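Let's take a friendly walk through a protein model. Have the sequence and the 3D view ready, and look up each residue as it comes along.

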Amino acid sequence: MRRSITVLFVLGCAMLLCTASASAQLLIEDFNYTSGTALTANGWSAHSGAGTLPEMVTATGLSYTGYASSNIGNAATLDSTGQDVNKTWASYPNGITSGNIYYSFLVNLTTAKSAGDYFFHFFKNSTTFGGRVFAKKASNGNICFGVSKASTNIVYTDSIYSLNTTYLIALKYSIIAGTTNDTVALWVNPAIGSTEPAPTLLESTADRTGADLDTIYGIAIRQGTAANAPKGTVDGIRVGTTWATSVGGTLLPQIALSQTNYNFGSLNVGTSLVDSITIQNNNAYGTLSISSITSSKSVFTVSAASATISPSSSQKIAVTYLPTAVAMDSAYIILTSNDPTSPDTIRVFGAGVQAGFSASQTSITYGKVFKDSTVI
């Protein structure tokens, strides 16, 4: 006898949200490529400094709690005196020409220079950029992040950020009708689980009057000069026309249990009943990594200690109930994963019972009995 317990792992923004905003998702880059290969061998194009030090795929990805592109795939190196590369989601004339466009990414810098330089930006063509993110070393040894629309006037954060630390960066570029009036906003470690918060930085008044981007086709990673540019790692790039499709917006639970209580019913002591858990990963981009599947009581056991489920895939895990005494049993099946709401649990119940009848002996010998006679 087999029954089914279904555990549905739902995409962070929920299926309804994904359906409504699918067209707003422009690009996701989690660097699911072979470590040691160049980005230009994996869908990126060089637009400046081609032939110099390339951006390479590194085996160590970056993590940030709650971020949809955290700890997925590998990452990209960020060096200096190297080539600049871009990745586009559209070509002429199908770029973004109005409204808001966002990108977000994870960055961990190992070095920065006092002069500072930009290392990430929106891309129109090989010479036309906008929405640039900068980093520089402060006098106290920390780093400051900066933003500009046209790079001529840069606004920097306070010197409160550290080297060798992973940060979530988000930027919004607003294309406004007219000329020299577009705006940009920058967030460092924005809250995940809310609507768009107040930005960490806005562009300067002088920068706002600089040249606008009339069309945006992609994003770019820049490796500047050795004297000015930072070094480190970039990962988890997300681009969209809404806050939800870039940073993540309101973070809904990623794990939805079809039932949180499951009753195996009554079972004779010493016999077992096997049911199954179906784990569905509805995230179309990220791998669901379940690091442990455990039971809080030994009479309930699971068939697998962990699981790795590819995007939009599923896997079944068997749960066995084997009562060892006449008693009411209850326990939790505990799933620990890379889901932001982890750990998640299913409570299971059962009752160990004795057989419904017994006999004093297993056979009776009556001997010879006359026809139509009765022996008791």
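This report covers strands first, then the nonpolar cores, and then the aromatic rings.

Keep in mind that this is a predicted model.

**The open sheet**

Begin with an open sheet of seven strands, whose order is E3-E6-E15-E8-E9-E10-E11, with antiparallel pairing. Strand E3 (45-48) and strand E11 (155-156) stand at the edges with a single partner strand each, so one side of each has no neighbour in the sheet. E3 runs antiparallel to strand E6 (residues 84-88), and three bridges join them. You can find this pairing by looking for Ser48, which stands opposite Asp84 in E6. As background, strands of a sheet pair through backbone hydrogen bonds, either parallel or antiparallel.

**A covered strand**

Now turn to strand E13 (residues 183-188), where six of six residues are buried. In a regular strand, side chains alternate between the two faces of the sheet.

| Partner strand of E13 | Bridges | Sense |
|---|---|---|
| E12 (residues 166-175) | six | antiparallel |
| E14 (residues 201-202) | two | antiparallel |

**The nonpolar cores**

Which residues touch the most other members of the largest nonpolar core? They are Trp89, Phe122, Phe145 and Ile237, in a core of 45 residues. Another core, of 22 residues, lies apart from it and includes Phe264, Ile293, Ala304 and Ile317. In soluble globular proteins, nonpolar side chains tend to be buried together.

**Rings and charges**

The structure holds 19 aromatic pairs. In one of them, the rings of Tyr103 and Phe105 have centres 6.0 Å apart and planes at 40°, so this pair is tilted. Tyr103 and Phe105 are both buried. They also belong to a cluster linked by ring pairs, together with Phe119, Phe120 and Phe122. Phe122 is a residue you have already met, as one of those touching the most other members of the largest nonpolar core.

Rings can have charged neighbours here too. The charged end of Lys136 sits over the ring of Tyr156, 4.2 Å from its centre. Likewise, Arg222 lies over the face of Tyr118, at 4.0 Å from the ring centre.

Conventions: Residues are numbered from 1 along each chain as its sequence is written. This is a predicted model: local features need pLDDT of at least 70, side-chain atom pairs count only at pLDDT 80 or more; totals for chains, interfaces and linings use all residues. Side-chain values use heavy atoms; hydrogens and water are left out. Rings of Phe, Tyr and Trp (its six-membered ring) pair if their centres lie within 6.5 Å; planes under 30 degrees apart count as stacked, over 60 as edge-to-face and the rest as tilted. Buried means under 20% relative accessible area, exposed over 50%, partly exposed in between (1.4 Å probe, protein chains only). A charge sits over a ring if NZ of Lys or CZ of Arg is within 6 Å of the ring centre and within 35 degrees of the ring normal. A nonpolar core is a set of buried Ala, Val, Leu, Ile, Met, Phe, Trp, Tyr and Cys residues joined through side-chain atoms within 4.5 Å. Two strands pair if DSSP finds at least two bridges between them. Helices (H or I, at least four residues) and strands (E, at least two) are DSSP runs, numbered from the N terminus.
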